[in-house]
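Trainee: I have a protein chain to study and would like to learn how to read it. Can we go through it step by step?

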Amino acid sequence: PPPPVNPLLPVAVATRIEVPPQSTTAKKGETVTFRCVAAFDPGLAPRGLEWRRDGRLLRETADSDK
């Protein structure tokens with residue numbers, strides 16, 4: 001049988017938003033850019049954020065990391 005799985009994930013440092021995104025208003029079809037800075041527990045991988053609107057995941061574009 002396979003070895004037992006430990007369902008616990010120790011987290012030493014809580015993820016925190018250091019620079020929150022700013023609210024913006026745009027017309028339908030316009031492109032908007034949101035920027036934020038977050039700090040993560042260095043022991044967690046992969047790290048990242050999900051951008052959502054009304055509970056739905058937003059689509060990334062080719063220049064999302066700029």
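Trainee: How many helices and strands are there in the protein?

Mentor: Start with the ground rules: this is a predicted model, where local features need pLDDT of at least 70, side-chain atom pairs count only at pLDDT 80 or more, and totals for chains, interfaces and linings use all residues. Residues are numbered from 1 along each chain as its sequence is written, and side-chain values use heavy atoms, leaving out hydrogens and water. Helices (H or I, at least four residues) and strands (E, at least two) are DSSP runs, numbered from the N terminus. Along the sequence the pattern reads β-β-β-β, and the count is 0 helices and 4 strands.

Trainee: What is the radius of gyration of the protein?

Mentor: This value is taken over C-alpha atoms, and the globule rule is 2.2 Å times the number of residues to the power 0.38. For 66 residues the rule gives 11 Å, and the protein is well over that, so it is more spread out than a compact globule. The C-alpha trace spans about 55 × 30 × 25 Å along its principal axes. The radius of gyration is 17 Å.

Trainee: Which strand has the lowest mean pLDDT?

Mentor: pLDDT is the predictor's confidence in each residue, from 0 to 100. The protein has a mean of 83, and 92% of its residues reach 70 or more. Among the elements, strand S1 (residues 16–19) has the highest mean, 92. The lowest, at 86, belongs to strand S3 (residues 52–53).

Trainee: Is aspartate 41 buried or exposed?

Mentor: Look in the loop between S2 and S3, where aspartate 41 sits. Buried means under 20% relative accessible area, exposed over 50%, and partly exposed in between (1.4 Å probe, protein chains only). Buried residues make up 5% of the 66 residues in the protein. With a relative accessible area of 5%, aspartate 41 is buried.

Trainee: Which backbone nitrogen lies 2.7 Å from a polar atom of the side chain of aspartate 41?

Mentor: Check the contacts, meaning heavy atoms within 4.5 Å. Leaving aside neighbours within four places in sequence, aspartate 41 touches Val11, Ala12, Val13 and Arg47. Its side chain reaches the backbone nitrogen of valine 13 at 3.2 Å. The backbone nitrogen at 2.7 Å is that of glycine 43.

Trainee: Which residue forms a salt bridge with arginine 16?

Mentor: A salt bridge is a side-chain nitrogen of Lys or Arg within 4 Å of a carboxyl oxygen of Asp or Glu. Arginine 16 is partly exposed, at 42% relative accessible area. The closest N and O atoms are 3.0 Å apart, and the partner is glutamate 18.

Trainee: What is the angle between the planes of phenylalanine 34 and tryptophan 51?

Mentor: Rings of Phe, Tyr and Trp (its six-membered ring) pair if their centres lie within 6.5 Å; planes under 30 degrees apart count as stacked, over 60 as edge-to-face and the rest as tilted. The structure holds 1 aromatic pair. Phenylalanine 34 and tryptophan 51 are stacked, 6.0 Å centre to centre, and the angle is 25 degrees.

Trainee: How many residues apart are phenylalanine 34 and tryptophan 51?

Mentor: Phenylalanine 34 is in the loop between S1 and strand S2 (37–39). Tryptophan 51 is in the loop between S2 and S3. The pair links distant parts of the chain, 17 residues apart.

Methods. Polar contact = N/O pair within 3.5 Å; in protein donor to acceptor, adjacent residues only side chain to side chain.
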